[in-house]
Amino acid sequence: MSGNYRHRLPLNGLRAFEASARHLNFTRAGLELNVTQAAVSQQVRLLEEQLGLELFIRLPRGLALTDEGLALLPVLSRSFDQIESLLQQFEDGHYHEVLSISVVGTFAVGWLLPRLERFSHLYPYIDLRIMTHNNVVNLAAEGTDFAIRFGEGLWPLVENISLFSTAHTVVCSEKVGHKLKHPIDLKEHQLMRSYRKDEWEKWFLAAEIEPWRVKGPIFDSSRLIVEAALMTNGIALVPSCMFEHELSAGLLVQPFNISVTLGGYWLSRLKSKPMTPAMVIFQNWLLDESK
C-alpha cells in the first residue's frame, strides 16, 4: 500500500464491510454499528468503488461474500480485534500491560494465589493472565511470557531461573495418620504416585526402609494426588510447602518427619523473546517473594 493510499484508508467502509460480512446482512450490521442500514450499504458501496471490485453478492434475502470479500474478512477481523484489545489496555487513563503466565496448578494454588493480592496492589496496571498446566508447556506455541514449572530446570531453548527447591513429605488425613507408627506401615496403604517414577523409592531410602514397587493410578499434579489420597484414605508424597493451608487447618497431617528433595520450581522464558517492562517487574517480584 502506498503512502498516499494509507492517508485515504477508508476506515468507515472497512468497519461497515467487516460487520456486514459477519452478519451477511446490512440491517444487522447497522444495529451493531448504531447507524442505519442505508448508511452501512453506502459505506460498503464506496469501499467497493475505491477498490474497484465487488465484495458482496446482493441476494433477495441477505448477502453472500465474493472471493475478494472472503479474502478480506479474516484480515480485517484480526486487525479490529487487535485494535480493540490494545485500546482496552488504556482504560482509566493508564496503560495496562498484559502478562501471560503458564503455571503448574500446585504452585498456582499453593503459592502464587495467596500472594496475588499483594502483587496487584503494588502493580495495578499489570493485568495477569494465568493458565495452569501439568509441566508440559510450549512457550512459543502458547504465546505466554513466562512458565512456572517443577523439575530440575533443564528445559531447552529457554532461560530457566530457579525460584526455590522443595522438600517432599508424606501427607494423609488425620484418620489415616493415627494408624502410621513406622514408615514400614505405609505398605498397608494405597500410595498415590506421580509420573516421576522414582519419587517413592527415594523417600523409602531416606526413611531407611527396603523399597517396594508402588502400584496404582498415576497423577500429573500434586493437587490431584492429595485429593485422591483424601478420598480413598490413601497416602500422598508431595511438596509440603504447597499445602501449608491444609496442614495448618488439620485437613492434612505429616505422620513422619522425613523428607526428600526431588526438584524445585523454576521460572522459564524464551531466550529469543525480549523482556517487556511487565516481565521485568514480575520476574523481580517473584524472585523477591521466593527468597
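Helices (H or I, at least four residues) and strands (E, at least two) are DSSP runs, numbered from the N terminus. By this scheme, Glu227 falls in helix α10, which spans residues 222-232. The structure is a predicted model, in which local features need pLDDT of at least 70 and side-chain atom pairs count only at pLDDT 80 or more, while totals for chains, interfaces and linings use all residues. Residues are numbered from 1 along each chain as its sequence is written, and side-chain values use heavy atoms, with hydrogens and water left out.

A word on confidence comes next. The predictor's confidence in each residue, pLDDT, runs from 0 to 100. The protein averages a pLDDT of 91, and 95% of the residues score at least 70. Among the elements of the protein, the lowest mean pLDDT, 51, belongs to helix α1 (residues 3-7), and the highest, 97, to strand β9 (residues 236-239).

Two strands pair if DSSP finds at least two bridges between them. Six strands, in the order β4-β3-β5-β10-β6-β9, make up an open sheet of mixed pairing. Strands β4 (126-133) and β9 stand at its edges with a single partner strand each, so one side of each is left without a neighbour in the sheet. On average, neighbouring strands of this sheet are turned by 25° against each other, direction ignored. The pairing of β3 with β4 is parallel and extends over 8 bridges; Ser102 has Met131 in β4 as its bridge partner.

Helix α9 (residues 199-206) lies across β6 (158-171), β9 and β10 (259-270), running at about 140° to β10. Here axes are lines fitted to C-alpha atoms, for helices over the stretch in contact, and angles run from 0 to 180 degrees between N-to-C directions.

Strand β3 (residues 97-104) also holds Ser100. Ser100 is buried, at a relative accessible area of 16%, where buried means under 20%, exposed over 50% and partly exposed in between (1.4 Å probe, protein chains only). Apart from neighbours within four places in sequence, Ser100 is in contact with Arg129, Met131, Thr144, Asp145 and Phe146, contact meaning heavy atoms within 4.5 Å. Glu227, by comparison, is partly exposed, with a relative accessible area of 43%. The C-alpha atoms of Glu227 and Ile57 are separated by 58 Å, at 170 residues apart along the chain.

Aromatic side chains were examined next. Rings of Phe, Tyr and Trp (its six-membered ring) pair if their centres lie within 6.5 Å; planes under 30 degrees apart count as stacked, over 60 as edge-to-face and the rest as tilted. Searching the whole structure gives 18 aromatic pairs. In one of them, the ring centres of Phe119 and Trp285 are 4.9 Å apart and the planes stand at 65°, so the pair is edge-to-face. Phe119 belongs to helix α6 (residues 105-122) and Trp285 to helix α12 (residues 277-289), so this pair ties together parts that are 166 residues apart in sequence. Both Phe119 and Trp285 are buried. The rings of Phe146 and Phe282 have centres 5.9 Å apart and planes at 35°, so this pair is tilted.

Charges over rings complete the picture. A charge sits over a ring if NZ of Lys or CZ of Arg is within 6 Å of the ring centre and within 35 degrees of the ring normal. Arg15 lies over the face of Phe80, at 4.7 Å from the ring centre, and Arg149 over that of Trp155, at 4.2 Å.
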